[in-house]
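Subject: Structure for you to look at

Hi there,

Here is the structure I promised to pass on. Please open it first, and then read my notes below with the model in view.

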Amino acid sequence: MVSHRWHKRLAWVRGSLTGEDQELSPYTAIMTDSEKQDLKKPKKKVEVCGYPLSIFFIVVNEFCERFSYYGMRAVLVLYFRYFLKWDDDMATSIYHTFVALCYLTPILGAIVADSWLGKFKTIVYLSIVYTIGQAVMAVSAIHDITDTDGDGTPNNMTLHVVLSMVGLLLIALGTGGIKPCVAAFGGDQFEDHQEKQRSTFFSIFYLSINAGSLLSTIITPILRGQECGIRSQQKCYSLAFGVPAALMVVALLVFIVGSSMYTKAAPKGNIMLEVCKCIGFALKNRFRHRSKQHPKREHWMDWANEKYDKLLIAQIKMVLKVLFLYIPLPMFWALFDQQGSRWTLQATTMDGNFGALIIQPDQMQTVNPILILVLVPIVDSAVYPLIKKCGLNFTPLKRMTVGMLLAGLAFVAAALVQIEIDKTLPTFPSKSQSQVKFLNLGGNPVDITVGTETMHVGAFQATVDYTTYDTASIKVSVASISETVYLQKGARETLLIDPANKTMDLIDDITKKPEEGNNAIRFVNGMDSVLNVSTSKTDYGAVWPYTASNYSQIPEGKTTFTIKNDAGDTCEFTMTLGFGSSFTVLIPSTFKWDQNCTSTIEPIMDIKPNTFHMAWQIPQYFLMTTGEVVFSVTGLEFSYSQAPSNMKSVLQAGWLFTVAVGNIIVLIVAEAAQLPDQWAEYILFASLLVAVCIIFAVMAYFYTYVDPSEIEAQFNKDGTEEEKKQEKDSIPMKKKDSIEHHDEDIKQTKI
């Protein structure tokens, strides 16, 4: 979640574009007083404790909308990975494509609101689109729609993919479209004399954003962890998406209920369109006069002098100067937004047992907003003042440079964590190799000979680890048994050896870590009768003598398995499981149906549980969040201070565009780099950010800070002197022009 300031000068937050009055509705900065008075007022303005009652509807709307967005986004990458069965790279790419769209569509939303529909109608119409998108996402996650055979896996995955892509497209259009409108609409509810109340409103508004995102990031992973379904019980992604969809319905209804109380400003036009037209004319005019016979001008924007006001051109020059500094910034966002993708996937291979709490992989994202709430006031009230007292000139651009370096260090920390995780992961066979584990079903120890190698295996035991073979077959000898066993390339298998019956049978093992931190458990029946094994949620079915059941995914914690035979005898066997392990549970021939029935059951570990703790991710989250506080908040304030009064929306669009480009960089690198190790990709991103940071530091060194108000005042002063001179020369003409312009203003207001 993007950082939030606790004062009104912060213009942008992750969910909205906010700020002071001129910032909230940028075009109002160039309105005449008569135009400002032309705002459509409600018939009766109801106030509570000095605040317009309408703002309470807006705050509740924002809380619900942010809950909806961040709740859906928290589980999105795991939905791609485990429901749609995409690999890590594909899941990461689509996730960041979606985030990029969410930060591109605000430009469209601002233009529609300012030039056509107005803020209120834009919020309502796009919220309807948003709500439909959330509902479509919830439907796409119902596996029973196409699970005709009841095995828990959709049979028509294409339908689910299409529904989810349509849903995400609608959500991106909805959430992005209302970003620049909601906070600005809230600011419009206050009168000019209510500056203090407006400032308090934005503090409450920021709080609602933080509360919505924090709560949803905690709650929706819990909902995802539930099991639901008609034919089979699976992870409940439909519930995890359905609750955010319901909150979006609430957000829309609450906002509409307050309709009669709102102050609704009529659309006045969008300054971004005017800026684009001016830049386009300058480029076109410069190209038209590219021959040497035309004298050069001081700045290429000066080629717009023939058509546009000099003040507007000067303001655009200031904006372009800041936008030029934005060029390196997307690399920061490329790293920052991987908290919801790569870092979440990293957490799935870690131990989330915090004692009293079991943390889901997607819940680790809550560390960011929690640290935001802690670090922002500390940095503002302690760190910056201390640096100032030390006599250091810690300028905004220097702060941003430090923030980028901290983000790079966060990815170095993530790489170190990944290296430690990799040490705990099993080594699976390559495509040209096979791996075999030998399991002795007999009641006596045996010596197993494979080629020149001999392994001693105890009664009802298995070899400690898998043995890797490069050959297509192996010759196995046990006592008087000798067989040639043919192996599958790229597979793990267990050879069941029954000395009493003189048989050898190969069974397939899993060749990857169990997904979502679950545990893959199967049973081997070493008895001469059929057994039935089940849990409260899983039925293994009949396990025939000297064979193995299929794997079932069992969640972390205590699980009781009920073992039955055809005679009605029952035994309950309990296992305490961690995250990501795999066990083959052997029910030996010596098994007895009595009170001590579990004493002879042998759980054989095939894949170790995750042993590297999720707490080791906290340092990388701390570094990233500290970098965010220093980079994002400072960058927003720097842009605010360097932007002309009526151009702040242009820089808002530019800032959001850097976030979109950053996410596009991630999907390009994820698809193009194809690095074999994840830690290497982390180092690659960290290296790219450090390189970009150096470039940014050089650009910042040559940047000259300006005061836009002084420059604007100079132009206004020059314009006033020129008007006085014209008034002396031709008073009648001046009066005529004034009347004509006044009529034109009235026409524009009506339009």
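On the α3 side, Ile55, Ile58, Asn61, Glu62, Glu65, Arg66, Tyr69 and Met72 take part, and they meet Leu168, Ile171, Thr175, Ile178, Lys179, Val182, Phe185 and Gly186 of α7. Sorted by class, the residues of this contact are nine nonpolar, three polar and four charged. Please keep in mind throughout that this is a predicted model.

As for the geometry, α3 covers residues 54-74 and α7 covers residues 157-187; their axes come within 11 Å and cross at roughly 150°. The two helices are therefore roughly antiparallel to each other. The crossing of α3 past α7 is left-handed.

Val182, Ala183, Gly186 and Gly187 of α7 make the contact with Arg198, Phe201, Phe202 and Phe205 of α8. By class, that gives five nonpolar, two polar and one charged residues. If you select Val182 and Gly186, you will find them in the contact of α7 with α3 and also in the contact of α7 with α8.

Next, the charged pairs. Side chains of opposite charge can pair when their charged atoms come close. How many salt bridges does a search of the whole structure find? The search gives 14, and these are the ones I would show you:

- Glu65 and Arg66 form a salt bridge, with 2.6 Å between the closest N and O atoms. Glu65 is buried, at a relative accessible area of 1%, and Arg66 is buried as well, at 0%. Both residues belong to the α3 side of the contact with α7.
- Arg224 pairs with Glu516, the closest N and O atoms being 3.0 Å apart. Arg224 lies in helix α8 and Glu516 in the loop between β12 (503-508) and β13 (519-525), so this pair ties together parts that are 292 residues apart in sequence. Arg224 is buried, with a relative accessible area of 2%, and Glu516 is buried with 14%.
- Glu420 and Lys423 meet in a salt bridge at 3.1 Å, N to O. Both sit in helix α15 (residues 396-424), three residues apart, about one turn of the helix. Glu420 counts as partly exposed at 30% relative accessibility, while Lys423 counts as exposed at 60%.

There is also a network: Arg81, Lys85, Asp88, Lys512 and Glu515 are joined by salt bridges that share partners.

Eight of its eight residues are buried, so α4 is largely enclosed by the rest of the structure. The buried residues are Leu76, Val77, Leu78, Tyr79, Phe80, Arg81, Tyr82 and Phe83.

Best wishes

Note on methods. Residues numbered from 1 in each chain as written. Predicted model: local features only at pLDDT ≥ 70, side-chain atom pairs only at ≥ 80, totals over all residues. Heavy atoms only, no water. Axes fitted to C-alpha atoms, helices over the stretch in contact; angles between N-to-C directions. Helix = DSSP H or I, 4+ residues; strand = E, 2+ residues; numbered from the N terminus. Parallel < 35°, antiparallel > 145°, perpendicular 65-115°, else oblique. Left-handed = near helix turned anticlockwise from the far one by under 90°. Contact = heavy atoms within 4.5 Å. Nonpolar A, V, L, I, M, F, W, Y, C, P; charged D, E, K, R; others polar. Salt bridge = Lys/Arg side-chain N within 4 Å of Asp/Glu carboxyl O. Buried < 20%, exposed > 50% of the residue type's maximum accessible area, 1.4 Å probe, protein only.
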